[in-house]
Amino acid sequence: MLDDLIIVTSQAPTGQRLENPIPALIQKGTNRLRLKQITDGLTAPNWAVAAPGDSQHLYVSDQNGKLWRIDLSNGDKTILLDLSDRLVPLGAFGVNTFDERGFLGFAFHPQYAENGLLYTYTSEPADEASDFSTIPENSAPDHRSVIREWRLSFADSIQDQATVAEERVLLTVDQPQFNHNAGGLNFGPDGMLYIAFGDGGGADDRDGQEFSGSPMIEHGMAGNAQNNANPLGSLLRIDPMGNNAANGKYGIPADNPFTGSETELNEIYAYGFRNPFRFSFDTVTGLLVLADVGQNDIEEVNLIQAGGNYGWSSKEGSFRFDSNGNDAGFVTSEPVSGNLIDPVVQYDHDEGTAIIGGFIYRGESISTLQQSYVFGDVARRGNGDGRIFYTRGAEILELDLTLRDTPGFWVLGFGQDATGELYVLGNATGIPFETTGAVYKLVSNAAFSAGTLNIPSIDLIQAGGNDTYRTRLQAVQGSQPLRFELIQAEKLAESFRGDNATFDQETGTLNIPFVNISNADNSVSTYSAELKLIPGLPLLTFELKQVILIKQLQLVIEITGLSKSLYGFHLLH
């Protein structure tokens, strides 16, 4: 599991600046999957989950203020809630420019199906006093973060746009700069609402550092992330049903690590974060996994403990951080002192620019990803070349995509549906404008190993209506041409339609566009295959008619070795 990791760091002499803190490069793993586009026409989608009681839809937050409801059976999208008129104008440097503000997170109450409660995190104009602020007198915040509760009319749950029966503000926080807002919202298995806040923005989390042409304010010389008197740079844990907070609008759980303290904010669950943009709970173990975006060198994944201090800005990842005066900060080999928690995995900026947290995979269609934490990076070099990673805690590997080397877009977020399947969210621009945003599902190829052909989904096309099945076929030993007998079939939900193969009952043709086969050297080759049903046999039996190479890892393959590994599959040129 993730907490078994031993972090390997550079062996440079003590106190030196580390130009390449993690020399080892991230390699591609043997998990070869595909990205299936579910829907497009969004702007900058950044988070996606199912609503309790609704397995048919995926709900997606768009940075420009829209909460989309995506029908997973056909990709149709509607707007459940539009918050765009609440947001601060986007574009930190003018229209069509980069921004980290907007509609940044949402969470359904665990009893949403009964009570209709939804919670949102938005960046709004600072036109009134906030619950939390460190802005000095005669200065103004850039904006403020607002956590709202919405009670949606349950009768309208199937309509295009929800009717808001009631809304209320739970808490507000002034933000000194436009960036490092974090924005993740999640209910834990304990029923409490967890809220991630960044360090307030700018750079290096300290006053005086020049940022966007003026000195930073509202951080202090020690930084917000190490100052537990305010919520910036922290993960909060609150009870939205309670009322014992200072503003009377939510509750502070009695078992929070700082409950009862007069000097530390009682809402804080963990702290020492720079920009914890995304976190999630494992649906099986309850493990809280948080990805913290780094400064100039290190991106990190953390396992969160109650009361834990994760070190920013004393450290970045597991390395000592030097703010370097008014110049760009960097990491050094100097030992880090204090009771600070290191990440479980980390990578440096040879590999990317900003980590995007995801989920531990608990779906059933991609067996090779089970128990892996799937996450990504927004763009390796800042030109839309996002990446998708996975780890079980020992090392980070990059997903091997069947039809492309990289996703080919800015990776902005991840999603998880009611069945545990995962989605990747992104756009072509990296900014919260235009309509190039899309949602992709991670889908598995069929796999052939040890004489068994596993097909994660087959769309059965028949006169009486279409269904989708997960199937296993066994190769008939010694058959020429190669034959397969059906040994297992399991009916799937409509959301799996179109993920892999099709079987036309009228023609008896089984088309499998992608089949992964592991070679003797552990590399993976992918083929398309066409099989034909042989009528009149006691078991459903298919005969291989055609196989075509789609992708391989090695440039040269040995045809004789290949044909042996395929149990008779023949490569057609």
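A nonpolar core is a set of buried Ala, Val, Leu, Ile, Met, Phe, Trp, Tyr and Cys residues joined through side-chain atoms within 4.5 Å. Keep that in mind for the exercises below, which use a predicted model.

**Exercise 1. Find the centre of the core**

Task: Which residues of the largest nonpolar core touch the most other members?

Solution: 
- Start with the largest nonpolar core, which has 59 residues.
- Within this core, F106, V374 and L442 touch the most other members.
- Now take L442 and set aside its neighbours within four places in sequence: L442 is then in contact with L33, R34, L35, I366, V374, L399, L422 and V424.
- Look also for a second, separate core of 25 residues, with L104, F132, L171 and I238 among its members.
- As background, nonpolar side chains tend to be buried together in soluble globular proteins.

**Exercise 2. Follow a salt bridge**

Task: What parts of the structure does the salt bridge between E124 and R148 tie together?

Solution: 
- The closest N and O atoms of E124 and R148 are 2.3 Å apart, and the two residues form a salt bridge.
- E124 belongs to strand β7 (residues 117–124) and R148 to strand β8 (residues 143–152), so this pair joins parts that are 24 residues apart in sequence.
- Buried means under 20% relative accessible area. E124, at 6%, is therefore buried, and R148, at 9%, is buried too.
- Widen the view: E124 and R148 are linked with D85, R86 and E167 in a network of salt bridges.
- In total, the structure holds 26 salt bridges.

**Exercise 3. Reach across the sequence**

Task: How many residues apart in sequence are the parts tied together by D400 and K551?

Solution: 
- D400 and K551 form a salt bridge, with 3.1 Å between the closest N and O atoms.
- D400 sits in strand β26 (residues 396–401) and K551 in strand β37, so the pair ties together parts that are 151 residues apart in sequence.
- Both D400 and K551 are buried.

Terms used
Residues numbered from 1 in each chain as written. Predicted model: local features only at pLDDT ≥ 70, side-chain atom pairs only at ≥ 80, totals over all residues. Heavy atoms only, no water. Salt bridge = Lys/Arg side-chain N within 4 Å of Asp/Glu carboxyl O. Helix = DSSP H or I, 4+ residues; strand = E, 2+ residues; numbered from the N terminus. Buried < 20%, exposed > 50% of the residue type's maximum accessible area, 1.4 Å probe, protein only. Contact = heavy atoms within 4.5 Å.
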